[in-house]
Amino acid sequence: MKKLQIVSTDKEKCKACYACVRNCPVKAIKIEDQKAEVLEERCIACGSCVRVCSQEAKKIYSFKDEVLARIKNGDKVIGLLAPSYPVSFYPLKPEEVHGKLLAFGFSKIEEVTAGVEIILPEYGNYLAEAKDYVISSACPAIVSLIEKHYPELINHLAPIKSPMGALAKYLKTLEPNSFLVFIGPCIAKKNEALNFNESHIDAVLTFKEIKEMLKEVVPRMVSGYPRNFTQSFPLPGGLIKSLKHRGYDIESQKGISIEGKEQVIETLESLKEKKVSGVLFYDLLFCRGCIDGPEIDSELTYIERQQYLLELSKGNKTILSKKPAGTFRVRYTVKARKLPLPTEEEIREILAYTDKFTPEDELNCGACGYNSCREKAIAVYQGLAEIDMCLQFLLKKTRGEAEFYRNKYEMENRKKYYLDGITGQTEKIIEIKKLIEKAALSDGNVLIQGESGVGKEIAARTIHYLSERADKPFVAINCAAIPENLLETELFGYEEGAFTGAKRGGKAGKIEQADGGTLFLDEIGDMPLSMQVKLLRFIQNREFERVGSNTPRKVNIRIIAATNQPLAKLVKEGRFRMDLYYRLNVFNINIPPLRERRDDIPLLINRFMNEFCERRKMAPKIVTSEAMSILMNYSWPGNIRELQNVIERAYYLAEGNLIKPEHLPAQLTSKALSGERITKLTTFKEAVAEVEKKLIIEGLKATNYNKLACAKLLGIPRATLYQKIKEYGIDA
């Protein structure tokens with residue numbers, strides 16, 4: 001017969017659980033794209049993978065269609081029942097099983113116990129002639145195991161047909177045109193029928209398959225069935241017991257029965273290494289006897305199956321219609337395919353790929369299906385396993401992926417939160433938001449330019465919190481608010497004893513505090529030239545020294561600078577270093593003043609109103625159309641900061657639910673009434689100073705000259721208020 005694959009994988013159902021790898025005694029599984037493919041050249045058809053596959057992804061080659069076609073065609077189809085059939089069909093009696101099969105369409109039913117009678121003389125004669133130990137060949141899984149994986153032992157394999165093969169040959173001599181169908185618990189019998197030499201079997205059906213086919217069949221009544229003394233053959237040690245019963249002298253110390261895949265492989269390993277001696281005959285069964293085959297499909301427990309068969313075998317006699325003629329010997333051949341073995345260095349390279357560098361890293365958890373990490377590494381080298389099957393490695397990888405998606409999710413949330421903090425829908429603001437997103441993706445220095453009050457610090461914070469430095473510090477320093485003699489210590493810090501009044505233990509500067517994060521240099525245009533030199537040196541090598549120290553310190557920070565002054569003009573005037581300007585201006589963002597995006601004013605008013613009311617737990621008020629018209633037409637020299645203060649002031653002044661023109665500052669309403677806007681030619685700085693002075697005076701009046709309340713009303717720190725009162729010479 002043409003060689004066919006007995007067990008294969010439905011790749012659509014396979015879920016990469018590796019249970020088949022774990023349970024395959026000969027590792028006849030190849031993992032490819034996380035799908036477990038059965039390798040015919042290594043498979044012994046023991047059925048271990050079929051038993052453990054929870055997804056039912058393992059498919060067994062089936063003869064069902066061919067058998068049904070033969071019966072339908074009226075061919076002479078003879079069923080050969082394995083000796084263990086009574087325990088599979090229980091509670092049906094043996095004669096009822098025969099009747100069902102005949103009613104289904106089988107021409108005749110034979111019991112394979114008759115094949116046992118045929119092979120017993122062959123074993124007796126062969127053992128009498130043997131000069132070395134002999135391994136039984138009744139179990140087809142054992143034959144395949146030796147042919148494919150223990151070729152060193154093939155000369156010890158008894159060259160005798162299995163009971164199924166012997167009976168099939170016998171029946172073919174009597175009825176050469178018959179179609180012989182073996183029915184039993186063993187998947188390996190399909191392999192024997194298809195791939196062994198001189199099989200004589202035409203088809204094999206497992207008990208599960210035939211019971212499914214017979215589901216609707218009403219059994220035909222039969223008067224009896226062949227009863228044979230070897231009914232107990234499928235029990236553990238059945239062949240040795242049958243030989244003794246038949247009178248062949250197999251002494252206990254020279255004949256040993258071994259059942260179960262672990263024990264069988266352990267025995268073959270010992271025989272291969274020549275570690276055992278003194279035993280003449282090894283009766284090996286891959287399962288715990290044929291009553292425990294992979295397709296036994298019995299409702300009885302293992303011990304109940306044994307007892308039931310022993311009960312049936314009492315008083316049975318030998319029945320053969322005609323004495324067998326000829327020989328029932330067979331020649332088994334080496335089918336082993338050697339796999340390459342890696343060197344120790346190659347094993348270490350494979351292990352290193354999954355982060356296993358020392359013996360302690362090798363957990364040998366078995367999740368991949370292999371007993372040890374090294375065994376898996378060898379399988380990877382041989383092309384049987386995929387390198388990333390390692391659970392430890394996959395968990396680490398999965399944690400990394402989970403972290404990636406968690407960060408991505410958090411980043412999306414942060415992006416929405418911080419970008420929404422930049423209120424506006426005008427084309428200019430949409431473009432600014434895009435620039436901020438791009439700047440956040442890079443790690444280069446950023447220069448933000450714009451008038452006072454446009455929201456430069458908000459833009460800087462947004463860049464920081466959308467970047468990979470988001471979980472590190474954001475440290476801000478106003479270069480214009482700190483005297484020149486203190487700016488160096490504020491930036492670089494100082495050591496103990498650096499100057500009179502220096503704190504004990506020294507102090508870290510803003511640069512050091514921002515390590516890993518972002519340093520925001522506000523009003524960089526007001527930084528003295530002497531400090532510009534020191535800042536430039538730091539930016540070039542990311543090293544600095546505290547004041548009073550000679551020890552360089554390294555930090556990893558990103559610098560974002562902001563100014564309301566035209567730096568390019570200051571460079572031309574020699575008031576700002578050109579090299580520092582280009583160092584800072586890697587990524588330039590220019591925020592437009594509020595008067596250039598008037599359509600955003602209603603949105604900003606709505607936002608400020610909601611934030612203020614939520615903070616104060618107060619109900620919002622409505623801005624009348626007359627007041628909104630004034631707000632829209634004002635030039636806003638103080639930009640967003642001025643707008644925010646105007647809205648908060650108006651809220652307090654409005655006694656009802658409406659904010660009217662009379663609740664707005666005089667400089668807004670007077671301009672509106674006269675139809676003027678601020679057109680006086682002056683610098684932005686002077687205009688802002690004028691507005692700030694007026695706001696502070698009005699704030700002091702509104703709070704009865706309570707500076708703390710005034711600072712809160714204006715939304716500025718108290719220290720800033722004191723500084724502005726002094727700067728503008730306000731009588732407070």
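How many nonpolar, polar and charged residues does the lining of the second largest cavity have?

Reply: The model is predicted, so that local features need pLDDT of at least 70 and side-chain atom pairs count only at pLDDT 80 or more, whereas totals for chains, interfaces and linings use all residues. Residues are numbered from 1 along each chain as its sequence is written, and side-chain values use heavy atoms, without hydrogens or water.

By class, the lining of the second largest cavity has 8 nonpolar, 5 polar and 3 charged residues. Here Ala, Val, Leu, Ile, Met, Phe, Trp, Tyr, Cys and Pro count as nonpolar, Asp, Glu, Lys and Arg as charged, and the others, Gly among them, as polar. On a 1 Å grid over the protein atoms alone, a cavity is a set of points where a 1.4 Å probe fits but cannot get out, a pocket is an open set with protein on both sides within 12 Å along at least five of seven lines, and lining residues have an atom within 4 Å of a point.

The second largest cavity has a volume of about 120 Å³, a volume being the space filled by probe spheres set on grid points joined across faces, edges and corners. Its lining consists of 16 residues. Nearest the centre of this cavity lie Ser162, Glu192, Phe196, Asn197 and Tyr332. At least two lining residues come from each of H7 and H8; helices (H or I, at least four residues) and strands (E, at least two) are DSSP runs, numbered from the N terminus.

Among the elements that give two or more residues to its lining are H7, helix H8 (163–174) and helix H9 (188–195). Helix H11 (238–245) and strand S11 (281–285) likewise give two or more. The volume of the largest cavity is about 340 Å³, and 29 residues line it. Ala138, Cys139, Pro140, Lys189 and Cys290 are those nearest its centre. This lining divides into 24 nonpolar, 3 polar and 2 charged residues. In total, the structure holds 10 cavities of 30 Å³ or more.

Helix H8 also packs against another helix. The axes of helix H6 (residues 113–129) and H8 come within 7 Å and cross at roughly 95°; axes are lines fitted to C-alpha atoms, for helices over the stretch in contact, and angles run from 0 to 180 degrees between N-to-C directions. H6 is therefore roughly perpendicular to H8, a term for angles of 65 to 115 degrees. In the contact (heavy atoms within 4.5 Å), Ala114, Gly115, Val116, Ile118 and Ile119 of H6 meet Pro163, Ala166, Leu167 and Tyr170 of H8. By class, this contact has 8 nonpolar, 1 polar and no charged residues.

Helix H7 (140–149), for its part, gives two or more residues to the lining of the second largest pocket, as do helix H1 (19–23), helix H12 (261–272) and helix H15 (373–381). H12 provides the largest share of that lining, 5 residues. The second largest pocket holds about 910 Å³ of space. Of its 31 lining residues, Val26, Lys27, Arg42, His149 and Glu269 are the closest to its centre. Its lining has 14 nonpolar, 4 polar and 13 charged residues.

Note on methods: Parallel < 35°, antiparallel > 145°, perpendicular 65-115°, else oblique.
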